[in-house]
Amino acid sequence: MPSSAARNDRDREFVLQPAPCLDIDKSGAIVRANPAFCAIAGRTEEELRELGLSSIVWQDAHDEVAKALLDATNHETVSFDAPICHPDGELRWLEWRGVMEPARNVVQFITHDGTTSRRVKSEMQERERFLTTLLANLPGMAYRCRNDPDWTMEFVSAGCLALTGYEVDDLLFNKTTSFGDLFHPDDAQPVWNAVQKALANKEPFTLQYRIRTKGGGQRWCFEQGRGVFSDNGELLALEGFITDITHRVEAEEELRDKLTLIEAQRNQIADLSLPIIEVWDGVLTLPIVGVLDDVRSARIMEGLLDAVVRTQSEHVILDLTAVASVDAAVAEHLVSILRAVKLLGARGVLSGIRPAVAQSLVGLSADLGGIPTTSDLRGALRSCMRLDAKNTRARKG
């Protein structure tokens, strides 16, 4: 048997041990516990003796603890992880290591509080689960790759399958194909140039390009990414996200086609609304139909001036037969058009003025600047022909 002094030294070492320790017999009774274990358990040594191991260990771990006590021998260490129930209701996860002491027929345990590390591990696992779920549900592919022409992938999310037709393992480290091989030939070099410029400036980059999928199709991609640099400025990798924008690009192209068609139709309608007719040699006529606003007035003026120059006409007749009324703005537009025609050496005539229009012009005190007027288009045409005949005779005389 050990001497009294040896027992005292052993007991003192047990009490002063910084690690939580306790002695348990084969039945699960707590023989003794050091202050470190009492602190972590939140109970005194007397309370622990009264409760026993089964009362402080989480009930789901009872079977594992009982088996460890039965398996304990003098030479073999038993170990297990089991939580104890703190009086505040919190579980404290302990790592247990024990060995049988035959002299006293107890199992001596040294424990380690793994609650914090277990909580940290659980939080890391939860974050990893969250990120995995998030990436799996994003409409695209997250990646980490090297800055080489193959864009060698070190990580890709599961969204790569829907985007490219390739599985994760196919793209990692170019196992089946490299991401660089998927680029449309016309887009590969521009993408490389844009990324290198952004990396040189340590700026994020945004890209739009085409890739060829595993099935031979083509997809438009939008990519956002940036370089990852070490503290000393060394480029470590590229990280970013790529999403499929094929439907958006196709919709934009379809919209552009429709807008082009609408513009062409609008121009055709505008041309139809500007029927400049050469009714006689040197005589142009333009029936005014509909509203004469600033935009249409400018278009009429432009069309008429071009026609006067092109046909070398000497007379321009604006026919107002289809105009029911005029206001000051319309009158001003008419005068501006005919003055512009006069600057090109042609004579302007207003025809088809209805009584109501004549009264409006008088009421507005519109200054027609000596512009000749006739009641109808026939009268305007006769006036132009008579003037031409007169000028011809004068030249011959």
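Just after α11, Q312 adopts a positive phi of about 55 degrees. Keep in mind as you look around that this is a predicted model. The helix itself covers residues 294-311, and its 18 residues should span 26 Å at 1.5 Å a residue; the end C-alpha atoms are 26 Å apart, so the two values agree.

Which residues of α11 are buried? They are R296, S297, I300, G303, L304, A307 and V308. Seen down the helix axis, these buried residues fall within an arc of 135 degrees, so they line one face of α11. As for partners, the buried residues of α11 pack against β12 (283-287), β13 (315-319) and α12.

## Helix α12

Helix α12 runs over residues 328-343, and its 16 residues reach 23 Å from the first C-alpha to the last, close to the 22 Å expected at 1.5 Å a residue. Buried in α12 are V330, A331, H333, L334, V335, I337, L338, A340 and V341. Just after α12 there is a positive phi of about 90 degrees, taken by G345.

## E278 in strand β11

Now to a strand. E278 lies in β11, which comprises residues 277-280.

Leaving aside residues up to four places away in sequence, E278 touches V283, L284 and T311. The C-alpha atoms of E278 and V308 are separated by 9.8 Å, with the two residues 30 apart along the chain.

## Aromatic rings and charges

How many aromatic pairs does the structure hold? There are eight. F179 and F183 make up an edge-to-face pair, with 5.6 Å centre to centre and 90 degrees between the planes. Both F179 and F183 are buried. Elsewhere, ring pairs link F37, F80, W96 and F109 into a cluster.

Two charged side chains also meet rings. The charged end of R32 sits over the ring of F14, 3.8 Å from the ring centre. For K202, the charged end sits over the ring of F229, and here the distance to the centre is 4.9 Å.

Notes
Residues numbered from 1 in each chain as written. Predicted model: local features only at pLDDT ≥ 70, side-chain atom pairs only at ≥ 80, totals over all residues. Heavy atoms only, no water. Helix = DSSP H or I, 4+ residues; strand = E, 2+ residues; numbered from the N terminus. Expected span 1.5 Å × (residues − 1). Buried < 20%, exposed > 50% of the residue type's maximum accessible area, 1.4 Å probe, protein only. Phe/Tyr/Trp six-rings, centres within 6.5 Å; stacked < 30°, edge-to-face > 60°. Lys NZ or Arg CZ within 6 Å of the ring centre and 35° of its normal. Arc of directions from axis to C-beta. Contact = heavy atoms within 4.5 Å.
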